[in-house]
Amino acid sequence: QVHLVESGGRLVQAGDSLRLSCAVSGRTFTTYTMAWFRQCPGKEREFVAGIYWSVGNTFYADSVKGRFTISKDNPKNTVYLQMNSLKPEDTALYYCAASPYRAMDKAHTYAYWGQGTQVTVSS
């Protein structure tokens, strides 16, 4: 089992920066891909950013390229999402996800999920 716990979400102003953290525990050796998704009420879960755990290669949704950065800290078993120049449309419940395979941007390919952390961006 892989356990994920997100933290860092809060209310911020448009243009602010925020860093989300995802602590990974359990059978971390089974993890190949880590990713961040977000979801608003009544809408489908949306891919935000991903990283291949062993090598650090990253990939992003077009809507966040140049503003968000996903990274990892191996000794701390933690994945981060650095969010800069936040916009009101970034408001969502952000989820951390893990997959034992080389997953991409499809939510159904991820086997493990955190409970989510709320990010709210005011105008």
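Hi everyone! Let's begin with a rule: rings of Phe, Tyr and Trp (its six-membered ring) pair if their centres lie within 6.5 Å, and the planes count as stacked under 30 degrees apart, edge-to-face over 60 and tilted for the rest. By this rule, the count comes to 8 aromatic pairs.

A word on the source: this is a predicted model, where local features need pLDDT of at least 70 and side-chain atom pairs count only at pLDDT 80 or more, while totals for chains, interfaces and linings use all residues. Residues are numbered from 1 along each chain as its sequence is written, and side-chain values use heavy atoms, with hydrogens and water left out.

Now, the rings. Tyr-52 and Phe-59 have ring centres 5.2 Å apart and planes at 40 degrees, so this pair is tilted. Both Tyr-52 and Phe-59 are buried (buried is under 20% relative accessible area, exposed over 50%, partly exposed in between, with a 1.4 Å probe and protein chains only).

How is the pair of Tyr-95 and Trp-113 arranged? The two are edge-to-face, 6.3 Å centre to centre with 85 degrees between the planes. Tyr-95 counts as buried at 12% relative accessibility, whereas Trp-113, at 27%, counts as partly exposed.

Which residues do ring pairs link into a cluster? Tyr-52, Phe-59, Tyr-95 and Trp-113 are among them, and so are Tyr-32 and Phe-37.

Finally, charges. One sits over a ring if NZ of Lys or CZ of Arg is within 6 Å of the ring centre and within 35 degrees of the ring normal. Arg-45 has its charged end over the ring of Tyr-95, 4.0 Å from the centre, and Lys-72 lies over the face of Trp-53, at 5.8 Å from the ring centre.
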